[in-house]
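Visitor: I have a new structure to look at and would like a plain walk through it. Can we take it piece by piece?

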Amino acid sequence: MSSVLIGEILSGLLFFGVIGFLLLGFPVAFTLAGTSLIFGAIGYFFGVFDFSNMGNLMGRYIGYMTNEVLVAVPLFIFMGVMLEKSKIAEQLLLTMGKLFGRLRGGLGISVIVVGALLAASTGVVGATVVTMGLISLPAMLRANYDPKLASGVICASGTLGQIIPPSTVLIFMGDMLSSINAQVQMELGNFAPVPVTVGDLFAGAFIPGLLLVGLYIVYMIYKAITQPESCPATPMTDEERKGIVKDVIVALVPPLVLILLVLGSILTGIATPTEAGSVGAVGATILAALRWRLSFRVFRECAMATATITSMIFIILFGASVFSIVFRVMGGDNLVHEFLANLPGGAIGAMIVVMLIMFVLGFILDTFEIIFIIIPITAPILLALGVDPIWLGVMVGVNLQTSFMTPPFGFSLFYLRGVAPSRVTTGMIYKGALPFVVLQIIAIALLFVFPQLITWLPSIN
C-alpha cells in the first residue's frame with residue numbers, strides 16, 4: 001500500500017475519530033489536539049507524518065493572539081454582556097412588549113425586533129436565547145400565547161446573533177476566508193486579488209439578516225390572522241399608555257443609536273471592526289452608567305464573562321490548529337479536493353454537500369468548532385472552483401443558524417429548555433421551532449438562487 005493512500009486513510013479516520021470522541025463527551029479543544037497527536041504518532045510510524053511540521057504552532061498561536069481583527073471578538077462580547085448585565089436589554093424587551101402588545105401577535109413581533117437588536121449588539125447566541133427566555137417567555141405565557149409559538153419565536157430570534165453583524169462567527173470566518181482566498185488566488189495565477197475583509201462579510205450578512213427578520217414577522221402576522229387565539233393582544237392600562245412614549249425613547253433610542261454607530265461605521269468603511277468594537281464596548285458602559293446600572297460588581301461580571309467566552313473560543317481555535325496541521329500533512333486536503341471536485345454539479349454541487357455536512361455537524365458540535373475544522377478543509381477547494389468567498393461565509397452562517405435551532409439537537413432549543421418553566425415541555429419547544437426552521441430553509445433557498453442578496457451590498461461598499 002502506497003504512503004499516499006495510507007496518509008489519506010489516516011486523515012479520514014482522524015476526522016471521524018474526532019467526531020466520535022466528541023460524541024463521547026470529551027472537551028472539544030483537548031479532543032481536537034489529543035486525537036490529532038495520536039493519529040500523528042500513527043502516521044509517524046507509517047512514515048506519512050513528521051512531527052517537525054508542528055514547529056510553526058507557536059507562531060500560529062502568537063499570530064492569533066496579536067491579530068488585530070480578532071481583537072474585535074472580546075470587544076463585541078463585552079458590549080453585549082454589558083447591555084445584558086446592566087438590564088438595558090431587559091428594559092428594551094419590556095418596553096417593546098408594551099409598544100406592540102396591544103396588537104394580536106404584537107408581543108411576538110416585539111420579541112423578534114428586540115432579538116434582532118440584541119443580535120446586533122451581542123453576536124453571542126447562547127446569551128441572547130437565555131436572556132429572552134428568562135424575560136420574554138413568562139410575559140408571553142401570561143399574555144396567553146401558545147407555548148409552542150412563544151418558544152419558537154424566542155429560539156428563532158435568539159439565533160439571529162449567528163448571522164446579524166457584529167456576529168463573532170463572521171469575524172472568525174472573515175479572517176480565515178481572507179487568508180484562504182489570497183492563497184487560492186495566488187495558486188490560480190492572480191497575484192493581486194481583491195481582499196476579503198470582515199467588513200465585507202458584515203455587509204454581505206446585512207440583507208440576509210433583515211430577510212430572516214422579515215420572514216419571522218410575516219409568519220407572526222399570518223398566525224395573528226389565521227389563529228388569533230395563539231397570539232392574543234395584551235391590554236394596557238391608562239397609566240401604562242401615558243408613559244409609553246417616554247419609555248420607548250429612554251429604552252430604545254440610546255442602544256439603537258449605539259448599534260447604528262457601531263455597524264454604520266463598519267459598513268461605510270469609516271472604522272475597522274476592532275475600532276467599532278471599542279466604541280461599542282465603551283458606549284455600552286456609558287449607557288449603563290447613565291442609567292445608574294454600572295457598579296463594580298456589574299463591571300466585574302462583564303469582564304469575567306467576556307474572558308470566559310473569549311478563552312473558550314480561542315482554546316478551541318488552538319486545538320483546531322493542531323488538527324489542521326496533522327490532517328493536511330497526511331493528505332487530507334487531497335482527499336477532500338478529489339471528493340468535492342468529482343461531485344456532479346460542479347461548484348454548486350460541492351457547495352450543497354458541504355452545507356449538508358455542516359448542517360448535520362451542527363447537531364453535535366458548536367458553531368466555532370465547526371468553522372475551525374471545516375472551513376480550512378473545504379474553503380480552499382470551494383474557492384478554487386469559483387465560489388465567491390463572501391457568499392460562502394454568509395451561507396455558512398445562515399446554514400449553521402438553521403442547524404442551531406433544528407430539533408432534536410439544536411443548541412438554542414437546549415438553552416431555552418434550561419430556563420423555560422416546567423409547563424413548557426421539550427415537545428412544545430421542538431414543535432414551536434419547526435415552522436421557523438422551514439422559514440430558515442426558505443431563506444437559504446432564496447440566497448442560493450439569488451446570491452446578489454449577499455454580494456450586492458459589499459460590491460458597493
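Guide: Start with V298, which is buried at a relative accessible area of 3%. Buried means under 20% relative accessible area, exposed means over 50%, and partly exposed is in between, with a 1.4 Å probe and protein chains only.

Visitor: Where is V298 found?

Guide: V298 is found in helix α14. Helices here are DSSP runs of H or I with at least four residues, strands are runs of E with at least two, and both are numbered from the N terminus. The C-alpha atom of V298 is separated by 9.7 Å from that of V81, and the two are 217 residues apart along the chain.

Visitor: What kind of model is this, and how are residues numbered?

Guide: This is a predicted model, with residues numbered from 1 along each chain as its sequence is written; local features need pLDDT of at least 70, and side-chain atom pairs count only at pLDDT 80 or more, while totals for chains, interfaces and linings use all residues. Side-chain values use heavy atoms, with hydrogens and water left out.

Visitor: OK, overall picture. How many helices and strands?

Guide: The protein has 21 helices and zero strands. Its radius of gyration is 23 Å, close to the 23 Å from the globule rule for 461 residues, so the protein is as compact as a globular protein of that length. That radius is taken over C-alpha atoms, and the globule rule is 2.2 Å times the number of residues to the power 0.38. The C-alpha trace spans about 80 × 45 × 40 Å along its principal axes.

Visitor: And what share of the residues is buried?

Guide: Buried residues make up 56% of the 461.

Visitor: How many salt bridges does the count come to?

Guide: The count comes to two. K148 and D146 also meet in a salt bridge, at 3.5 Å from N to O. K148 is partly exposed, with a relative accessible area of 31%.

Visitor: Switching to rings. How many aromatic pairs are there?

Guide: The structure holds 14 aromatic pairs. Rings of Phe, Tyr and Trp (its six-membered ring) pair if their centres lie within 6.5 Å; planes under 30 degrees apart are stacked, over 60 edge-to-face, and the rest tilted. One of the pairs is F15 with F16: the centres are 5.4 Å apart and the planes stand at 85 degrees, so this pair is edge-to-face.

Visitor: Are F15 and F16 buried or exposed?

Guide: F15 is buried at 18%, whereas F16 is exposed at 63%. Another pair, Y61 and F318, is tilted, with 4.4 Å centre to centre and 35 degrees between the planes. Y61 lies in helix α3 (residues 57-66) and F318 in α14 (residues 296-329), so the pair ties together parts 257 residues apart in sequence. Y61 and F318 are both buried.

Visitor: Which residues form a cluster with those two?

Guide: F172, F314 and F372 form one aromatic cluster with Y61 and F318.

Visitor: Different topic. How many disulfides?

Guide: A search of the whole structure finds zero disulfides; the term means a pair of cysteine sulfur atoms within 2.5 Å. For C155, the closest cysteine sulfur is in C231, 17 Å away, too far for a bond. C155 is buried at 0% relative accessibility.

Visitor: What about the backbone, anything to note?

Guide: Most residues other than glycine have a negative phi, and most peptide bonds are trans. W292 is not a glycine, yet it has a positive phi of about 60 degrees. W292 lies in the loop between α13 (273-290) and α14 and is exposed at 80% relative accessibility. N144, also not a glycine, has a positive phi of about 65 degrees.

Visitor: Which residues does a cis peptide bond join?

Guide: The cis bond joins P165 and P166, with omega about 10 degrees. P166 sits in the loop between α8 (147-158) and α9 (168-187).

Methods: A salt bridge is a side-chain nitrogen of Lys or Arg within 4 Å of a carboxyl oxygen of Asp or Glu.
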